[in-house]
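Subject: Structure for your files

Hello,

Here is the structure I said I would pass on. My notes on it follow below.

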Amino acid sequence: MKQITCPHIGRRPLSEFVFGGEVRTPPKAGDASDGEWGAHVFHRDGAPGIKREWWYHGPTGTWFILRRDTRTDEFLGALDYGEARHRP
Amino acid sequence: MPFRLLKLAITGAENEPRFFDTREDLKPSYDVVIIGGGGHGLACAYYLTRDHGVTNVAVLEQGYIGGGNTGRNTTIVRSNYLTPEGVKFYDESVKLFKDLSSELDLNIFYSTRGHFTLAHTEAALRTSRWRAEVNKHYGIESEVWDRDQIAREVPELDLDCGGNTPVLGALYHAPGAVARHDAIAWGYGRGANNRGVEIHQKTRVMGLRINGGQIIGVETDRGFVATEKVISMVAGSTPRITKMAGFETPIEIHPLQACVSEPVKPFLDTIIVSSGLHIYVSQSSRGELVMGASVDPSTLHSTRSTFDFVEGLADKLLDLFPFVAGLKVTRQWAGMADMTPDFAPLMGLTPVRGFYLDAGWGTWGFKATPVSGKTMAHTAVHDRPHDLIEPFRMTRFTDYQLVGEKGAASVGF
Ligand SMILES: Cc1cc2nc3c(=O)[nH]c(=O)nc-3n(C[C@H](O)[C@H](O)[C@H](O)COP(=O)(O)OP(=O)(O)OC[C@H]3O[C@@H](n4cnc5c(N)ncnc54)[C@H](O)[C@@H]3O)c2cc1C
């Protein structure tokens, strides 16, 4: 099985993770119209490429942001959520 | 037939008529260009000519016809969906399927089997009852069966699932069927070609040319083609095409895997789906078990197969049919499923004038091939969505009019 390397927890099998979707920045509350919110919630840049994604590690209850190539399924590095907040 | 074969072995097959003509050159312009030579694209071309007399049409296919999800699917055809919009739409498709062999003058091996969606929990049983009521309201054969009825019809099934998650009942849909997927693509392709449509294989669309919000042509790896109407019918490649068009949709691509076993004596003449175990199985006319599960959990633009899939599927299948434990899996493959958040398709007009979308077919679009072709042809010709597909418009996500089909489509196929 595929292994993913993350900060703190090291190399862990894919089966311990849950995919949480692409990282997207929400519009500013109050400023956005209903349509803009709908687009934020539902629309995606679904085209292939290198994406920043949410991944949840079940056994430790930790969210990570992983970079992944969605053409080849290669994982290209990870940040934990705390770190990611300071690095856009 | 054997004599003919012998003759061809001696004289060669060069002068034999082909299924459809393989043209060399693209014309500089067409009235309609269809991107994607899967079942949907070829059906649409067929209905453009048959119902609307539009014959100056090109179908552009980057690989070979039917080589996308059409040729990779497990061919379940049914109409026992959950929403009235879905039920009416898929029922029209089932009706078209029934006449398709004579319509296309090609045996599509349409085989009505009966379709069971097993419920292992009270919640699943409740969804089954809900579906049965909606279905019956629209005149579709669909009813909830108890354990005794299932046992009589499918005696091989272990209703106790080895004690793990016993079956409580099932939604039974008598018209559930399977058909030959390649025949659908080839039959529609030949029918369209006979009426003048050009089918260009190995022709990839690389870009869209848009002027003032109106489509004016497509860039291909064989040059530019001018046209004022483009219909995108590319299933798993949809986000690449909508990116060329400059807008986003909710579609995300997940691999969907399937496999077949070695052929064995027929023992299963129905289609068995388990919503709780997330697997489904039918037996092909050759005796193979055709098996599948839900989509892979994360997005991926690839048709790679995994061992994890077969392992997970076998584990669940043995709960239902313990005696197949010794069967070997002979082939496995994957397609790219274009998933939507509400498990209903995206069809109709787009922000670009003259550019129409037929997508969001996920794990469930084979059964929709005839009706999608028919309604998309109507939509492109009239520049107005056909009544049956109006609820599937892409703007439903920004005006919060979703068509919640998940309860009937997530593993149901
Ligand atoms: C394993 C599996 C099992 C399934 N089982 C079922 C089932 O039991 N029942 C059911 O109803 N549905 C099922 N489905 C879903 C079904 O297969 C699809 O929804 C349906 O076949 C989509 O048909 P299509 O013609 O739209 O797409 P495709 O058949 O995928 O055709 C699209 C074509 O577009 C071409 N293309 C893409 N990009 C370009 C480009 N840039 N230029 C030119 N050509 C391009 C591709 O090469 C492809 O041939 C299953 C799918 C899979 C993968």
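Chain B and chain A bury about 1800 Å² between them, with 57% of that area on carbon and sulfur atoms. Please keep in mind that this is a predicted model.

The interface. Chain B puts 21 residues into the contact, and chain A puts in 22 residues. Between chain B and chain A there are 4 salt bridges. The side chains of A:D45 and B:K243 form a salt bridge, at 3.2 Å from N to O. On the side of chain B that touches chain A, helix α8 (residues 238–245) of chain B gives the most, with 3 residues. There are also 7 residue pairs in polar contact between chain B and chain A, both residues being at pLDDT 80 or more.

A sheet in chain B. Three strands of chain B make an open sheet in the order β10-β11-β12, and the pairing is antiparallel. Its edge strands are β10 (205–211) and β12 (223–226) of chain B, each of which pairs on one side only. On average, neighbouring strands of this sheet are turned by 25° against each other, direction ignored. Strand β10 of chain B is joined to β11 (residues 214–220) of chain B by 6 bridges. B:G207 has B:E219, in β11 of chain B, as its bridge partner.

One residue to look at. B:H181 is part of helix α7 (residues 181–194) of chain B. B:H181 counts as buried because its relative accessible area is 13%, and the cut-off is under 20%. Leaving aside residues up to four places away in sequence, B:H181 touches B:T70, B:G71, B:R72, B:N73, B:T75 and B:F366.

Regards

Definitions and conventions: Residues numbered from 1 in each chain as written. Chains lettered and ligands numbered in written order. Predicted model: local features only at pLDDT ≥ 70, side-chain atom pairs only at ≥ 80, totals over all residues. Heavy atoms only, no water. Helix = DSSP H or I, 4+ residues; strand = E, 2+ residues; numbered from the N terminus. Buried < 20%, exposed > 50% of the residue type's maximum accessible area, 1.4 Å probe, protein only. Contact = heavy atoms within 4.5 Å. Pairing = 2+ DSSP bridges. Axes fitted to C-alpha atoms, helices over the stretch in contact; angles between N-to-C directions. Buried area = accessible area lost by both parts, 1.4 Å probe. Polar contact = N/O pair within 3.5 Å; in protein donor to acceptor, adjacent residues only side chain to side chain.
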